[in-house]
Amino acid sequence: MVNWFGSEKQSIEQLREGRLEGLQWIYETFSQRILNQCFRILLSREQAEDVVQDLFVKLPAIISEFRGESALGTWLYRVAHNMCLNRLQQAKNRNKLEGENVDSLSPRALGVSVEITDLLAKALAVLDADTRSLLWLKEGEGVPLKELMDIFDLPEGTLKSKLSRARERVKEYLEKEAVYEKGKAEANV
Amino acid sequence: MKKGKPKRMFSDLFRDAERLTPPPGLWDRIEANAGLRPSGQSPAGTAGHSDGPGRHERKARLLAFPQRPWMRAAASVALAAGVLAFGVSLRPLWHKPAQSAEMAGIPADNVRADAARAEPAEKMDLVDPDLLGWHADLGEVDMEADEAEEVL
């Protein structure tokens, strides 16, 4: 995880002292990765930006919960992950109250149009939000397994089998997609 | 379809995935709502910002480093230790020659005899006979000049 010669530690101290510089450094260093993580969970840019804003606005208040047992980035990934799942859960509960039938923690439950802009978004959409987050952090951000264990609070074995199942599901989807694309190309010829 | 294709597709999928960039206005909204003391700086990549975060702060901290109380106390202790060490190194010079000789293992009588022999030479060195003679001549010349004036 990033550590610019103690800048991370210094920024945390500044933030604890209520100084904006600390928040600025953390924002610059981690906001893009957090945004992409949220985007891959929520499949909505608008919602992802909303969570990032919410997280950084709350950060001065919740930084006291960071005990330095893991890297700051790892802790931020966990906070962002939980915030995204909470958002989906709240939306699900709201929809239930409104009489709508929402089976799972789906981005569609947020009431915004899901942005399936690329093949990855399509492939990730076949997974649940929790697994999407896990697979993205592992394959997209290259977060090591040890840090993933901290983020998801899961033992190594469980994490590995969860990742394995997620990969298989995405590959199955890609296989179908490839067959579909091939069929489409042949039809055009 | 070849078996390896989905695997390749899988790795390409994440490698070529679209990466979002935080929009410029996002930091401004965070800054406005975070309720922290403004620093007069904003992060790079947002509108109208160029300096890195905390750069001036780091510089100020570096300059203020020797001004911290514990640093001043440490400097005072180091200075006192240095003065003490210098004093201890000069300590043998404070002793009288006889005591110094005793410390060096030389008999005290030899030292006294050496001192007695050295004393006249020092006196001779202090009073230069030639200089005294010249001074006496000068006095005589002056007296002669005075007498001559009286005559005039």
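1. In what order do the elements of chain B run from the N terminus on? They run α-α-α-α-α-α-α, and the secondary structure of this chain comes to seven helices and zero strands, where helices (H or I, at least four residues) and strands (E, at least two) are DSSP runs numbered from the N terminus.

2. This is a predicted model, in which local features need pLDDT of at least 70 and side-chain atom pairs count only at pLDDT 80 or more, while totals for chains, interfaces and linings use all residues. Residues are numbered from 1 along each chain as its sequence is written, and chains are lettered from A and ligands numbered from 1 in the order in which they are written.

3. Of the 152 residues of chain B, 9% count as buried, that is, with 20 or more other C-beta atoms within 10 Å of their own C-beta, placed from the backbone (exposed: 12 or fewer; partly exposed: in between).

4. Leaving aside neighbours within four places in sequence, A:Leu23 is in contact (C-beta atoms, placed from the backbone, within 7 Å) with residues including A:Phe56, B:Ala34 and B:Leu36.

5. In helix H7 of chain A, residues 145-152, the buried residues are A:Glu147, A:Leu148 and A:Ile151. Seen down the axis of H7(A), they fall within an arc of 100°, so they line one face of the helix; the arc is that of the directions from the helix axis to the C-beta atoms. On the other side of H7(A), A:Leu145 and A:Lys146 are exposed.

How values were computed. Two residues are in contact if their C-beta atoms, placed from the backbone, lie within 7 Å.
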